[in-house]
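Dear colleague,

I am passing on the structure below, followed by an account of what was found in it. Please read the notes with the coordinates open beside you.

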Amino acid sequence: MEATASAKPFTTKKEFYAQFKKKSVTHELWLRFLKNKTAVIGLVIFCIILAVAVAAPWITSYDDVVVKMNIAERLQPPGAAHWLGTDELGRDILARIVYGARVSLLIGFSAIIVSLMVGLVLGGTAGYYGGKIDSLIMRGMDVFLCLPDVLLALAIIAAFGNTKVNLTIAIGLAFSPKFSRVVRSAVMGVRDNEYIEAARSIGALDKRIIASHVLPNCIGPIIVQVTLYVANAILTIAALSFIGLGIQPPTPEWGNMLASGRTYMRDFPHIVLAPGMAIFFTILALNLLGDGLRDTLDPRLKH
Amino acid sequence: MLRYIIRRLFALIPVILVLTFIVFTILSMTPGDATTIILGSDYTPELGAKLRAQLGLDRSLIVQYFHYLTNLIQGNFGTSYVTGAPVLEQLRPRLANTACIVAPAMLLCVSFGIPIGIRSATKPNSFFSQCTMVFGLMGVSMPIFWLGLLLILFFSVNLGWLPSSGLDQGVKSLILPSVTLGFNYMANIMRTTRSSMMEAIRQDFIRTARAKGVSEHDVIYDHALGNALMPTITIIGMDVGTLLGGVVLTETVFSIPGMGRLLVEAINQRDTPCVLGTLVIMAICVAVSNLIVDLIYAYIDPRIRAQYGAKARKA
C-alpha cells in the first residue's frame, strides 16, 4: 500500500473499517504516559539499569573480576583501567556495581511478588467480602503495621538466617500488610460498581467475578504500588546488607559494598560514592516511574 | 474526649498482645539451641538439658509465651543470654540515646517539611516550588545510610566542623545523625503537605472564602490548612515506624550506642531475649504514636469528634 492511501478511496473493506477503529486502551495510556517527561526519564534510567543487570555476564567475568582479590591494584582512584576505581581488595567497583544490580533487582522484584501474592489473597478477600472477614483481616494487618517493615524483616532474618531466599521472603512478608491495604482499597472501589452487580445477577460465581471483573479493574493502583514498593524493597536489601544482616560478601551488593568501603572512605571517597549513586539512581528511577504511572493510570490524583 | 482516649488505650492491649506473640513465635523458630550459645565451649548434653529446664525452654511454645508475658507485665523483659544482665537494664540507656536523635529528627521534619510544603503549594509554578519538587524527589530516593556517609565525608572529613561518630560532644554530635535520620521524612512530609494543600486550595470553599474577601494569608492558614493537614498527620504517624527502622541504620553509620545498634548486636549474637525486648519496645512506641496521631486527628477534625461523640451517645 502507498503511504498516501488516506487520500484515495478505500479499496478493501478492512481499510474502510480501520478508520473507525478506536485506539486500544493500552495504546492510549501509553501515549498519555509518553507526555509525562519525568516518567519517561525514569523509565529510560530503569531500562538501562535492567539491561546492564541482564547483560552483566557478557560485560565482565564474575569469577575473575568481581570476586577475585587483586591486592596489587587495591584502592585505585577512577581511571582508564578501572572506570570507577577499585575497592579495598582490588576489585573493579564498576563490575561489582553491575553484578550488584542483578542481586538487588532480582530480590527486589521477587520480594514484591511475594507481597503481591499475600496482598492479593488477604486484601482481595477483605475488600471483596467486607464485613467480619474484612475487619478480622485488617485488624491483623494493623498489628503488623505497628512493626516497621525493616524491623519485621530483621526479626524474620534473625530467626531463619540470611540466605537469599530468606531475605526475599522476609522483605516480601514485611511489605505485605501495606500491600494488603492497597489491594483492599482498590477492590472496595470496584466492588460496588454496576457491572459487578450485573455479573452477579447473571449467576457468575465469586471466583469468576473476582478474576475477570474485579482484579482487571483495580490493576492500575496495584501496578503503581508495585513500582514504588520495588524501590522500597531494593532500599531495604541495601539497608540490611549495610548493617551486615543481608547479602554477605564476597557477593557484590550495593549495601555491603558501602559497608565494607566505609573504613576507607576518609582517604578514598570514590569507594562509597559509586555504590551509593547506584542505589540512588535506581530508587529515583522507580519513584519517577511510579509517580508517572500514577498520573497516567489514575488521572484524578494528578496535580 | 477522655472517654475516647480511654477506649483507645484499651484497644492498645490486644495489639500489644498479638504483637508480642508474633515476634515471640518468629524468634522461637530460630534453628539451633539457645543453650549452645550461652554455654559456648562448655556445652555438654547434660549441662544443656539442665539449663534448658532452668530457662523453661523445654516447655511448649504457648507456655513459654505466657511465662514471658507474665514477666513482661511486671516489667521484666528477661535476661540477656550473652551478658546475663536484665534486658531492661541494657535497654534503658540505649533508649535514651535513641530518643536524643529521634526527637530532633522529628522536630526537623515537621518544622521544615510542613512550611516548605505549604509555600510550595501556594505558588505551584514558581522557581521555589520547582526546587522543592526536585529536592523532595531526591529526598525520598536517598538511602539514608549513604546520606549519612556523605554528610560525614563533607562535614567531618573535609570541613572538620562536626564529629563523625558517637554522642560525646553534646549537641554538636547530634546534628549529623538527626539530619540523616530526618531527611527522608522531611521530604516525604513536604511532598504530602504540598499535594494535599494543592488539593485543598482547589476546593469550592476556598473560592467562597476568597470571594468573601478573606485575606490570602487567612485563606491559606485558616481555611485550607486545617483541611490539608490530615494526610500530613497520617504520614507523620506512619513514619514513626519507618523512623525507628531508620534508627538502626543511622546508629550504624554514626556508631551511636542506641536501640538500633543493640538490636543488630543482639541479632548477631543470637541473643533472643534482647532482640525480643528491643522489638517489643519499638513496637509499643509505634503503637503509642499511632494513638497520639489519632488523638490529634480527633482534635483537629470536628467530623471525627462528632463521630465518636455520636457513638458514645448510642452506647
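Y129(A) counts as partly exposed because its relative accessibility is 40%, where partly exposed covers the range between buried, under 20% relative accessible area, and exposed, over 50% (1.4 Å probe, protein chains only). Y128(A), by contrast, is buried, with a relative accessible area of 6%. Y128(A) and Y129(A) form an edge-to-face aromatic pair, with 5.1 Å from centre to centre and 90 degrees between the planes. Here rings of Phe, Tyr and Trp (its six-membered ring) pair if their centres lie within 6.5 Å, and planes under 30 degrees apart count as stacked, over 60 as edge-to-face and the rest as tilted.

Before going further, please note that this is a predicted model, in which local features need pLDDT of at least 70 and side-chain atom pairs count only at pLDDT 80 or more, whereas totals for chains, interfaces and linings use all residues. Residues are numbered from 1 along each chain as its sequence is written, chains are lettered from A and ligands numbered from 1 in the order in which they are written, and side-chain values use heavy atoms, with hydrogens and water left out.

The whole structure holds 15 aromatic pairs over all chains. One of them joins F24(B) and Y68(B) in a tilted arrangement, 5.5 Å centre to centre with 35 degrees between the planes. F24(B) lies in helix α1 (residues 2-28) of chain B and Y68(B) in helix α4 (residues 61-73) of chain B, so the pair ties together parts that are 44 residues apart in sequence; helices here are DSSP runs (H or I, at least four residues), numbered from the N terminus, and strands are runs of E of at least two. F24(B) is buried at a relative accessible area of 9%, and Y68(B) is buried with a value of 9%. Ring pairs also link F21(B), F24(B), Y65(B), F66(B) and Y68(B) into a cluster.

Chain B has 13 helices and 0 strands, and buried residues make up 46% of its 315 residues. Its C-alpha trace spans about 85 × 65 × 30 Å along the principal axes.

Helix α11 (residues 259-268) of chain B is largely enclosed by the rest of the structure, because 7 of its 10 residues are buried. The buried residues in α11(B) are M259(B), G260(B), L262(B), L263(B), V264(B), A266(B) and I267(B), and what covers them includes α7 (149-160) of chain A together with α5 (87-122), α10 and α12 (272-300) of chain B. After α11(B) comes R270(B), whose phi is positive, near 55 degrees.

Within helix α5 of chain B lies V102(B), which counts as buried because its relative accessibility is 17%. Leaving aside neighbours within four places in sequence, V102(B) is in contact (heavy atoms within 4.5 Å) with L181(B), L243(B) and V247(B).

With best regards
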